[in-house]
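Student: I would like to go through the labels used for this model and ask what each one rests on.
Tutor: Go ahead; each label will be set against its criterion.

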Amino acid sequence: KGTSAIMIDGGSGRILYEKNAEEPRDPASITKIITCLLTLENMDLNDEVTITHDPVTTGQNIALKKGETLKVKDLLYALMLHSSNDAAEVLAIAVGGDFDTFAEMMNERAKECGAKNTTFHNPNGLNPDGQEHNWTTAYDISMMAREAMKNPTFRKLVTTTHHKIPATNLSKERKLKTTNPCLGVYDGITGVKTGTSKTAGFCFCGSAKRGNTELIAVSLNSGEDQRFTDVTKLLDYGFAHYESAAAALPGDAPQTLPVEHGTAATVPLNYESPGHCLMPKGEGGTLEAVVELPASLSAPVAAGEQVGRIKILHQGTEMCSYPITAAQNVDALSFRYCLRLLAQSLLLRN
């Protein structure tokens with residue numbers, strides 16, 4: 001069994017099971033979750049990349065060559081299906097310009113995902129020649145995977161089993177196959193990533209969705225096949241003991257909110273659907289949605305700005321929450337704006 005493990009609700013991030021989940025571990029190629037996410041957020045899938053260095057040949061690779069030109073899309077399939085270490089390097093340079101800058105981007109993005117104890121030194125999880133390996137925790141990996149799974153292209157990549165990279169200027173066609181044997185086998189599987197190295201052991205971050213429930217489970221430093229058993233057993237337990245439940249928005253929820261010192265007296269509100277919360281089986285009907293808003297706002301107010309939230313409670317305990325946002329901009333009153341109003345008022349009188 002894995003040295004450390006965790007299972008979370010993919011929707012809320014709530015922890016359902018943990019074992020040494022905050023223990024620092026080497027993630028090996030699970031590192032590539034963040035490499036992939038940063039690439040998706042900074043490059044177009046059809047962008048072409050010409051390799052400017054001699055790519056690494058250690059571990060999993062697709063024999064990329066200096067001077068070879070490939071599309072970002074094909075490099076991403078190599079990264080996430082075949083777990084190519086050379087593709088990770090090429091993408092890191094394409095996005096960050098150099099490895100150090102990309103590592104800084106990785107660490108910043110990891111924090112934004114909710115990671116608390118993660119330090120990346122490279123984009124692929126290798127630690128050649130005694131270099132310090134990447135450090136993270138099962139908890140942090142679950143948070144990074146949860147954020148990455150919000151990206152529909154990421155989802156497509158990690159649920160693909162086979163991909164062909166067309167012939168390039170320096171290579172024949174390459175055929176790729178996923179390193180995740182659960183794809184197409186485990187009911188509802190939606191990803192995510194394997195990892196293996198001497199310091200990391202055998203690792204797996206897996207996710208599955210059934211109905212409105214998506215769970216993410218991680219096993220680190222396990223056995224070669226045991227890592228998949230670890231994760232699927234956790235997922236089985238989660239689906240057997242929890243269910244997704246929704247709470248209706250209160251009928252008297254305010255549709256606008258007063259704005260002080262603004263160019264409008266009120267601002268309309270957008271309510272994100274309360275969605276679903278994971279509950280113990282049979283307890284879904286006990287949820288209550290509570291609207292939490294201030295009495296008023298002070299201008300300026302920006303469209304999309306979070307101004308409150310919907311709390312989902314179970315017997316008085318908050319299970320999850322969803323944002324309430326401003327539907328439009330409201331500028332602050334200015335001297336020039338007041339003069340214009342006064343001028344318009346005088347014209348209407350005359």
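**Labels and their criteria**

Tutor: Arginine 309 has a relative accessibility of 23%, so it counts as partly exposed. The model is a predicted one.

Student: Why is glutamate 318 called partly exposed?
Tutor: Its relative accessibility is 35%. Buried means under 20% and exposed means over 50%, so a value in between is partly exposed.

Student: What makes glutamate 318 and arginine 309 a salt bridge?
Tutor: Their side chains meet at 2.7 Å, N to O. The cut-off is 4 Å between a side-chain nitrogen of Lys or Arg and a carboxyl oxygen of Asp or Glu, so the pair qualifies. The whole structure has 12 salt bridges.

Student: How do you know that glutamate 23 and arginine 25 form a salt bridge?
Tutor: The closest N and O atoms of glutamate 23 and arginine 25 are 3.6 Å apart, and the limit is 4 Å.

Student: Is arginine 25 buried or exposed?
Tutor: Arginine 25 is at 14% relative accessibility and counts as buried, since the limit for that label is under 20%. Glutamate 23, with 27%, is partly exposed.

Student: What do arginine 155 and glutamate 214 form?
Tutor: They form a salt bridge, with the closest N and O atoms 2.3 Å apart. Arginine 155 lies in helix 6 and glutamate 214 in strand 9, so the pair ties together parts that are 59 residues apart in sequence. Arginine 155 is partly exposed at 26%, while glutamate 214 counts as buried at 11%.

Student: Why is helix 2 described as largely enclosed?
Tutor: Of the 9 residues in helix 2 (residues 72–80), 8 are buried, so the rest of the structure largely encloses this helix. Among the buried ones are Val72, Asp74, Leu75 and Tyr77.

Student: How do you know that the span of helix 3 agrees with expectation?
Tutor: Helix 3 (residues 85–96) has 12 residues, and at 1.5 Å a residue they should span 16 Å; the end C-alpha atoms are 16 Å apart, which agrees. The expected span uses one less than the number of residues.

Student: Why are strand 14 and strand 15 said to stand at the edges?
Tutor: The open sheet has 6 strands in the order 14-16-17-12-11-15, with mixed pairing. Strand 14 and strand 15 each have a single partner strand, so one side of each is left without a neighbour in the sheet.

Student: What makes strand 11 and strand 15 a pair?
Tutor: They are joined in the parallel sense over 2 bridges, and at least two are needed. Valine 259 stands opposite leucine 297 in strand 15.

Student: How many bridges join strand 16 to strand 17?
Tutor: There are 8 bridges, and the two strands run antiparallel. Lysine 311 stands opposite serine 321 in strand 17. In the hairpin of strand 16 and strand 17, 2 residues lie between the strands, and glutamine 315 takes a positive phi near 55 degrees.

How values were computed
Residues are numbered from 1 along each chain as its sequence is written. This is a predicted model: local features need pLDDT of at least 70, side-chain atom pairs count only at pLDDT 80 or more; totals for chains, interfaces and linings use all residues. Side-chain values use heavy atoms; hydrogens and water are left out. Helices (H or I, at least four residues) and strands (E, at least two) are DSSP runs, numbered from the N terminus. Buried means under 20% relative accessible area, exposed over 50%, partly exposed in between (1.4 Å probe, protein chains only).
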